[in-house]
Amino acid sequence: MENKLNDQIQGFCALCWSRCGCISEIKDGILISVKPDPSHPTGSALCAKGKAAPEKIYNKDRILYPMKRSRPKGDKDPGWIRISWDEALDTIVTHLNTIAEESGAESVSFGITTPAGTSMNDGYAWVERFRRVFGSPNAAIAMELCGFSRDMVFPYTFGVPLPMPEHKNSDCIILWGHNPSTTWLAHAKRVADAKARGAKLVVIDPRRVGLAVKADSWLRIKPGTDGALALCLANILIQQKQFDMDFVRQWTNGPFLVREDNGRFLTTQDLYSDGSSREFVAWDLENNKHVVYDSQQGIYLANDINFSLSGRYTFNSHNGQLVCSPAFSLYADLCAEYSPKYVAQLTQLKESEIINLSEMIRNSKALSIYMWAGLEMHTNASQTNRAIAILYSLTGHFDNPGGNVILETTKTNDISGGNEISLTQKRKALGYLDRPLGPEQEGWINSDSLYNGILHSSPYPIRALINFGKNFLFSHADTGTGEEAFKSLEFMVHIDMFGNPTSSYADIFLPVCSPWEREGISTDFVVDQEASGLVQFRKSVLSPLGESRSDIWIVLELAKRLGFSEKFWGGNFEQGIQHFIEPSGIELKDLKENPRGINLNLSTRYRKYAESVHGLPRGFDTHTKKVEIYSELFLKHGYSPLPKYIEPMVSIGTPNISKKTYPLILTSGKSPHFLQSQNRGEESLRRMELDPLVELHPSTAELRGIQENDWICIETPHGKLRARAKFSDYLDPNVVSATHGWWQRCEALDRDELPVRGEISANLNSAIGCDFVDPLGGSVPHKSYVCEVLKLDSK
Ligand code: SF4
């Protein structure tokens with residue numbers, strides 16, 4: 001890399017998923033500032049974390065050389081000794097080869113920090129490729145906590161991950177458990193622009209934060225009860241016949257008849273000896289007879305059908321009489337159990353708020369909706385997200401202007417190596433047998449499974465962890481078990497810019513550089529069609545400090561030493577990038593000449609499900625090629641085929657949880673000042689939030705003699721943590737809200753490192769257990785737990 005000593009360089013901030021367009025200013029070879037690039041589709045503003053990049057890069061706590069430990073695991077001081085890259089990489093390769101030979105590649109797990117909330121976005125796909133080529137089915141990436149519902153549950157209904165709202169055409173926007181002001185600046189900007197243009201904004205969130213302050217309607221929902229609200233809203237729309245009946249009839253599996261005896265769809269195989277299990281049956285009211293749907297072609301074998309969405313129908317089959325009802329009627333029956341009055345009690349909302357929201361949905365001509373982490377970390381997360389997806393299907397706005405639209409994106413090759421691991425190996429993912437529809441189907445295991453594999457060899461031993469930046473002890477529940485597991489782990493590598501309590505258990509530490517010291521590419525900035533068509537190659541603006549290297553460089557070096565060169569373009573990064581962008585028709589050299597990127601100016605197509613492909617409707621990429629209101633797949637795996645609401649399992653009212661001992665609901669949200677468990681060492685950011693805070697209502701505090709800014713103890717059935725009281729008049733008096741990730745020292749502000757557990761720990765995860773998780777996705781209830789808070793005497 002050859003840069004001028006003084007320069008202004010266009011690129012994008014790669015510290016989080018937002019990837020905001022920015023200009024980096026170099027003076028005398030030093031990065032002195034990072035500023036927004038308003039000419040970039042995501043560059044109208046940068047958050048404080050992006051602007052503080054120089055503080056992160058030049059922080060004196062950064063680790064700049066490979067190291068190995070010299071003291072036993074569990075010692076507070078690992079006794080790090082600087083080693084060469086060759087020694088570090090050779091040691092890793094020796095261990096990987098030995099373990100794979102003796103116990104199979106599955107005994108090596110990977111940890112990868114979230115590409116959404118950290119700078120892992122540049123290297124994520126490369127690490128996944130390495131994991132798969134090596135043959136490990138196990139990567140702990142926290143998918144169960146902050147992506148599963150959006151990326152993997154939504155497809156169970158619509159066949160695609162939750163598409164982006166087309167805000168420029170929306171007249172009503174619902175943000176449900178999603179606070180983009182903290183987590184996705186470029187998205188927040190689009191919502192704010194739409195609001196300024198006149199779109200209505202609804203925010204459903206237990207906390208009045210971010211855009212909730214500007215919303216036309218903010219619904220302060222009780223944490224974990226969102227599924228009940230979705231069913232109730234659907235109930236109102238159905239009762240009032242104010243849903244898109246044509247869409248439901250034509251494009252969902254609502255008309256399919258469901259057998260009363262076993263809950264399966266009625267098929268022609270049930271009716272005729274030469275029938276097929278892929279031909280489903282609906283009822284035509286016009287001709288008063290059944291009609292057949294060929295799911296392979298995605299068409300009904302009749303025309304001008306007036307589908308029945310209610311009633312009971314009896315068929316004579318070779319196994320006797322079968323009584324069936326349309327799937328939609330079963331869904332409507334479920335929804336009917338959720339009256340506004342009942343759901344107002346469950347959700348702690350007002351009946352009028354629920355009815356008003358149903359009216360906004362009904363009256364919207366272009367409704368978009370976005371859900372994220374607020375709906376993920378509950379024991380009922382999967383069915384909650386199903387309930388909202390199905391509610392959205394009733395509106396008919398999917399892939400319509402102003403709705404959630406599948407945008408055109410740049411064509412690329414997959415570099416994450418999806419096909420590089422055999423199905424047999426893939427199926428060995430820890431937890432897959434318990435959750436075959438969960439993240440484990442892609443090898444994305446949860447921390448509980450990892451700890452079990454390490455501590456109990458269950459179902460087989462995990463002997464090594466190659467950990468790309470994940471601070472397990474501060475971002476995953478059940479910290480105590482995590483510490484035990486890492487202490488007993490045979491071999492661990494941690495790859496990061498800074499050391500942290502998790503890395504203190506590593507055998508080898510590899511230093512990575514910041515996004516400003518490495519190159520990166522983005523082919524989709526996601527937030528709208530213009531952003532989705534932009535391909536940008538980000539040049540490094542600084543030479544890597546010390547001997548730090550990029551995650552990708554580390555992957556390529558390990559791949560070469562393990563004999564995987566061929567799968568990694570001979571270890572050549574640029575050839576890998578060229579392979580990645582090859583289908584786009586863009587050349588890497590052209591990208592290098594155009595630092596602001598090349599925009600393919602793609603055009604949006606709407607209602608793609610209705611397009612004709614070889615004379616047949618495209619439909620949806622689901623098992624039935626229809627939007628799946630009723631999921632036979634769920635039924636087959638023992639889950640409810642309809643999104644039944646089940647109360648959060650660690651909450652007030654949960655059996656064995658004493659309401660007297662734990663009278664409050666503990667929820668959590670991200671701090672706007674920090675990315676996950678990072679940044680507390682950066683003075684300008686730490687100054688904005690000196691100590692860990694817990695929000696509570698003044699009346700809750702008064703009852704316990706707590707003053708604002710007092711240190712208080714938050715006690716749960718699983719543990720304790722400490723934080724300072726911050727009052728919020730808007731919070732439900734029964735709810736307190738904490739943040740995770742507090743451990744890092746900030747010398748400039750006289751703040752010491754905080755312990756992982758114990759009386760003065762501020763680690764939220766040490767107080768959350770994994771006894772109850774979402775049965776389908778494995779999500780842990782970080783956002784709906786129980787607690788009591790007590791004033792502490794200490795300063
Ligand atoms: S929102 Fe993320 S990408 Fe944008 S400036 Fe902040 S940290 Fe960087």
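Which residues surround the ligand? The shell consists of Cys-13, Leu-15, Cys-16, Ser-18, Arg-19, Cys-20, Leu-46, Cys-47, Gly-50 and Leu-185. A residue belongs to such a shell if one of its heavy atoms lies within 4 Å of the molecule. By class, seven of these residues are nonpolar, two are polar and one is charged. Here Ala, Val, Leu, Ile, Met, Phe, Trp, Tyr, Cys and Pro count as nonpolar, Asp, Glu, Lys and Arg as charged, and the others, Gly among them, as polar.

The model is predicted; local features need pLDDT of at least 70, side-chain atom pairs count only at pLDDT 80 or more, and totals for chains, interfaces and linings use all residues. Residues are numbered from 1 along each chain as its sequence is written, and side-chain values use heavy atoms, with hydrogens and water left out.

Five cavities of 30 Å³ or more were counted. A cavity is a set of points, on a 1 Å grid over the protein atoms alone, where a 1.4 Å probe fits but cannot get out. A pocket is an open set with protein on both sides within 12 Å along at least five of seven lines. Lining residues have an atom within 4 Å of a point. Grid points are joined across faces, edges and corners, and a volume is the space filled by probe spheres set on the points.

The second largest cavity has a volume of about 70 Å³. Its lining is formed by Ile-9, Gln-10, Gly-11, Phe-12, Cys-22, Ser-24, Pro-515, Trp-516, Arg-538, Lys-539 and Val-541. Six of these residues are nonpolar, three polar and two charged. Strands β1 (7-12) and β2 (21-27) each supply at least two lining residues. The largest share, four residues, comes from β1. Helices (H or I, at least four residues) and strands (E, at least two) are DSSP runs, numbered from the N terminus.

The second largest pocket holds about 620 Å³ of space. It is lined by 25 residues, of which Lys-76, Asn-500, Pro-501, Ser-504 and Glu-753 are the closest to its centre. The lining comprises 12 nonpolar, six polar and seven charged residues.

In soluble globular proteins, nonpolar side chains tend to be buried together. The largest nonpolar core in this model has 127 residues, and Trp-176, Phe-328 and Tyr-331 touch the most other members. Helix α9 (residues 226-239) gives the most to this core, with 10 residues. A second, separate core of 64 residues includes Leu-89, Phe-110, Phe-130 and Ala-139. A nonpolar core is a set of buried Ala, Val, Leu, Ile, Met, Phe, Trp, Tyr and Cys residues joined through side-chain atoms within 4.5 Å. Buried means under 20% relative accessible area, exposed over 50%, and partly exposed in between (1.4 Å probe, protein chains only).

Tyr-331 has contacts beyond four places in sequence with Leu-231, Ala-234, Ile-238, Ile-390, Leu-391, Leu-394, Ile-629, Leu-642 and Pro-643. Contact means heavy atoms within 4.5 Å.

Helix α6 (residues 148-158) is largely enclosed by the rest of the structure, because 10 of its 11 residues are buried. Elements covering the buried residues include α5 (143-146), β18 (367-371), α15, β20 (444-445) and α24 (632-636). Within α6 lies Met-152, buried at 10% relative accessibility. Met-152 and Pro-439 are 287 residues apart in sequence, yet 7.5 Å apart in space, C-alpha to C-alpha. Beyond four places in sequence, Met-152 touches Met-143, Gly-147, Gly-438, Pro-439, Gln-441, Glu-442 and Trp-444. Just after α6, Gly-159 takes a positive phi of about 85 degrees.

Most residues other than glycine have a negative phi, and most peptide bonds are trans. Asp-399 has a positive phi, near 60 degrees. It sits in the loop between α15 (381-395) and β19 (404-405) and is buried, with a relative accessible area of 0%. His-614 also has a positive phi, of about 50 degrees. This residue is found in the loop between β27 (612-613) and β28 (616-617). His-614 is exposed, at 80% relative accessible area. A cis peptide bond joins Ser-458 and Pro-459, with omega about 0 degrees. Pro-459 is located in the loop between α17 (447-456) and β21 (464-468).
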